[in-house]
Amino acid sequence: MSMVLDVDGTIAGEDNFLSPSVQTAIAQVQAKGIKVAIATGRMYCSALRFHALIASDQPLIAYNGAWVQHPVTQDVLQHSPLSVPLATALLEHWEQPEWVSRLDIHCYYNDELYVREITPRTIHYTQRSGISVNPVGDLRPLLEQEVTKMLALSDDTLAIAQLYQQLKQQYTTEQLYITQSTPTFVEATRSQVNKGTAVQFLTEDYLNYQPQQVMAIGDNWNDLEMLQYAGFPVIMGNAPHSLKQFAAQHFSHWVAPDVEADGVAKAIEKFLL
């Protein structure tokens, strides 16, 4: 059996670390032979710390599934970047007069972050992520190459919700994967690239397991596809109410305690120990 864990809001709370209870519970299931992996929206380089904290021997799923790499061998098992035309169209949308002053735009290329300029929001993001940032002014030359992910960031959650709805109406799932991992982010990756497809690759192609042998734990909409794929999906108590409602209707009525109450440890104790 395997277990796949989201990071922010699932194993890592406000302090950006794992609690001793969560670390102990993960170590206990690993001692039983259960494979434990991470699937996060974070950059690969930002997620490595958590991969090490849980002593995982599995590939690491980053960028909401667009990047899968094994930290031990350094092999990139999958990389599915955005096409140049779609990334350029997104940038043009986000730099329209309606949005240009309201959004920070993050572009990820070769596991590095590129921005127009460094703002207080970007500083907070990079400090939490433990990464450096490259301010380049105009992002257009960067998008002449295929970037892994694009993210629009704002403290105005109503504006982000509006932008999210605009993009969902403008692009089909065959064109782009649009999601949110927090109310302040809108994230875009290549079509059909999400945590669900990445966990399916890890499960069926890498481990030769079946969905029924997977427990997945997450707290936000970018976790939805992997929760739908897994035979044992677990929603965190701090998940948005709308996601918990969806989960109750479609795949799971049990909700773990929130991240600050060690919900992952409680889920492990309930189902795996």
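Biologist: How many bridges join strand S1 to strand S12, and which way do the two strands run?

Modeller: Two strands pair if DSSP finds at least two bridges between them. Helices (H or I, at least four residues) and strands (E, at least two) are DSSP runs, numbered from the N terminus. Here, four bridges join S1 (residues 2-5) to S12 (residues 214-218), and these strands run parallel. Methionine 3 has methionine 215 in S12 as its bridge partner. This is a predicted model: local features need pLDDT of at least 70, side-chain atom pairs count only at pLDDT 80 or more, and totals for chains, interfaces and linings use all residues. Residues are numbered from 1 along each chain as its sequence is written, and side-chain values use heavy atoms, with hydrogens and water left out.

Biologist: In what order do the four strands form the open sheet?

Modeller: The order is S2-S1-S12-S13, with parallel pairing. Strand S2 (35-38) and strand S13 (232-235) are the edge strands, each pairing on one side only.

Biologist: At what angle do the axes of helix H3 and helix H5 cross?

Modeller: Axes are lines fitted to C-alpha atoms, for helices over the stretch in contact, and angles run from 0 to 180 degrees between N-to-C directions. H3 (residues 84-94) and H5 (residues 157-170) have axes that come within 12 Å and cross at roughly 140°. That makes H3 oblique to H5. Angles under 35 degrees count as roughly parallel, over 145 as roughly antiparallel, 65 to 115 as roughly perpendicular and the rest as oblique.

Biologist: Which residues of H3 and H5 meet?

Modeller: Contact means heavy atoms within 4.5 Å. Leu90, His93 and Trp94 of H3 meet Leu163, Gln166, Leu167 and Gln170 of H5.
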